[in-house]
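Student: I have just opened this one and would like to be walked through it. Could we go slowly?

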Amino acid sequence: MGTLGGAGLAAAAGRARTVGMEGERLASQGRSSGLPAGGATGESPGVDAPLLGSSGSSALLQAEVLDLDEDEDDLEVFSKDASLMDMNSFSPMMPTSPLSMINQIKFEDEPDLKDLFIIVDEPESHVTTIETFITYRIITKTSRGEFDSSEFEVRRRYQDFLWLKGKLEEAHPTLIIPPLPEKFIVKGMVERFNDDFIETRRKALQKFLNRIADHPTLTFNEDFKVFLTAQAWELSSHKKQGPGLLSRMGQTVRAVALSMRGVKSRPEEFMEMNNFIELFSQKINLIDKISQRIYKEQREYSDEMREYGPIHILWSASEEDLVDTLKGVASCIDKCCKATEKRMSGLSEALLPVVHEYVLYSEMLMGVMKRRDQIQAELDSKVEALMYKKADTDLLTEEIGKLEDKVECANNALKADWERWKHNMQNDIKSAFTDMAEENIHYYEQCLATWESFLASQTDLHMEETSEDKPESH
């Protein structure tokens with residue numbers, strides 16, 4: 001499963017954007033015709049692969065993607081000491097498998113439509129009297145007409161990424177925004193300014209930006225453009241143009257009040273969506289936990305095996321008759337150690353980051369559902385006020401009309417993005433597990449071939465010695 005060429009990447013990105021925009025177009029038509037965002041059948045446009053549909057989603061999820069028993073007792077097969085505190089090679093920002101990028105699905109018949117390329121590199125440490133932080137260089141190359149130039153270079157810190165994510169959620173409350181790596185990680189897992197940590201975070205931040213760039217709606221967000229192009233002082237000025245502190249506090253209080261009130265009658269399709277998210281969250285968190293335990297135990301196994309080679313070398317010094325045999329065993333162990341390290345590298349790059357990203361996605365999806373419910377709760381409160389004539393009837397009627405449009409737009413946006421996300425999720429997880437299975441097969445084949453070769457050589461040697469010991473026949 002190799003990485004596709006540039007033309008394939010560009011073509012796939014164009015296809016992804018086309019599919020997403022078609023979904024938005026159908027969603028718009030649905031508002032006037034009363035049809036679901038995916039058309040009359042509710043299917044996602046442009047998606048040929050079977051999806052985890054909302055109808056019967058729990059059963060499909062359990063059977064096809066995340067079929068694991070939720071009973072924690074099943075984890076007894078792993079070591080009793082399952083603490084993740086010393087997994088210094090793992091973090092939520094591990095390098096991701098190339099197969100988990102949606103723009104790497106190749107469509108031979110599509111033209112080269114990718115017009116926005118983003119690279120995050122050159123992390124740089126900054127120490128001030130107040131704080132220490134890392135900035136990353138972001139290079140953007142584009143052929144879009146709305147950009148003033150074809151290439152931009154800026155530096156951003158983690159807080160700037162958080163600002164961008166917040167602005168995207170504010171502008172598109174019911175779209176599924178890609179998750180950012182956590183600001184803080186498990187204590188003891190890896191040092192905050194360790195080179196490995198900085199590198200894995202850099203890759204995660206680059207993936208975050210490229211997922212936004214590949215999204216049919218988010219890619220055209222004005223704040224995203226400012227993030228990619230504005231110099232530090234311009235970005236700082238742009239941030240100050242947002243709502244003031246009191247306004248933000250008012251919005252927060254209002255959102256909390258609405259969330260406490262809840263919605264009276266959530267549409268059935270969103271009930272199914274919410275059930276899917278809850279089940280998905282349980283399963284993906286369990287897989288994340290198991291994957292980390294597997295990685296930890298493999299690392300311990302590798303550390304133990306690494307000690308056996310030198311022991312056999314020392315042993316050979318005191319066994320004259322077994323020198324070659326013991327050195328051969330040491331050589332086989334060394335080769336198996338290298339194969340194990342390669343296997344662990346594949347696990348940390350192909351599986352762990354993909355699984356953990358979808359753990360973060362599950363949290364993001366819960367937030368999206370909560371924001372959708374808040375919009376509906378606001379509409380419900382206005383309708384209730386109108387029924388009891390608690391305020392000016394004409395004013396309430398006008399507000400209700402606006403809120404109805406807002407709820408409809410939010411629902412259609414979420415439904416269109418939901419199908420896109422499910423398709424990507426299924427492809428990502430399938431690719432991650434397929435990559436890991438292939439890596440495991442190659443690992444066992446390599447170790448088996450190593451020991452078979454050694455045993456064959458020992459058998460031949462034994463046969464030669466036996467034939468030499470036989471008395472000659474006269």
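**A first walk through the fold**

Tutor: Among contacts in the protein between residues at least 6 apart in sequence, 79% join residues at least 24 apart. Please keep in mind that this is a predicted model.

Student: Okay, and how many helices and strands does the protein have?

Tutor: The secondary structure comes to 10 helices and 3 strands, and, read along the sequence, the pattern is α-α-β-β-β-α-α-α-α-α-α-α-α.

Student: What percentage of the residues count as buried?

Tutor: The protein has 474 residues, and 45% of them count as buried.

Student: Let's turn to the strands. In what order do they sit in the sheet?

Tutor: The 3 strands form an open sheet in the order E1-E2-E3, with antiparallel pairing. At the edges are strand E1 (116–127) and strand E3 (151–157), each of which pairs on one side only, and from one strand to the next the twist averages 20°.

Student: What holds strands of a sheet together, in general?

Tutor: Strands of a sheet pair through backbone hydrogen bonds, and they do this either parallel or antiparallel.

Student: And how many bridges are there between E1 and E2?

Tutor: E1 pairs with strand E2 (residues 132–142) over 10 bridges, in the antiparallel sense, and the two form a hairpin with 4 residues between them. To follow the pairing on your screen, you could look for Ile 118, whose bridge partner in E2 is Thr 140, and then for Ser 125, which stands opposite Ile 134 in E2.

Student: Which strands does H3 lie across?

Tutor: H3 lies across E2 and E3, and it runs at about 105° to E3. H5 also packs on the sheet, where it touches E1, E2 and E3, and its direction makes about 90° with that of E3.

Student: How do the axes of H3 and H5 cross?

Tutor: The axes of helix H3 (residues 158–171) and helix H5 (residues 222–229) come within 9 Å and cross at roughly 165°. Angles over 145 degrees count as roughly antiparallel, and H3 and H5 are therefore roughly antiparallel to each other. The crossing of H3 and H5 is left-handed.

Student: Which residues meet there?

Tutor: From H3 there are Asp 160, Phe 161, Trp 163, Leu 164 and Lys 167, and these meet Asp 223, Phe 224 and Phe 227 in H5. Sorted by type, the residues of this contact of H3 with H5 divide into 5 nonpolar and 3 charged, with no polar ones.

Key. Residues numbered from 1 in each chain as written. Predicted model: local features only at pLDDT ≥ 70, side-chain atom pairs only at ≥ 80, totals over all residues. Heavy atoms only, no water. Axes fitted to C-alpha atoms, helices over the stretch in contact; angles between N-to-C directions. Parallel < 35°, antiparallel > 145°, perpendicular 65-115°, else oblique. Left-handed = near helix turned anticlockwise from the far one by under 90°. Contact = heavy atoms within 4.5 Å. Nonpolar A, V, L, I, M, F, W, Y, C, P; charged D, E, K, R; others polar. Pairing = 2+ DSSP bridges. Buried < 20%, exposed > 50% of the residue type's maximum accessible area, 1.4 Å probe, protein only.
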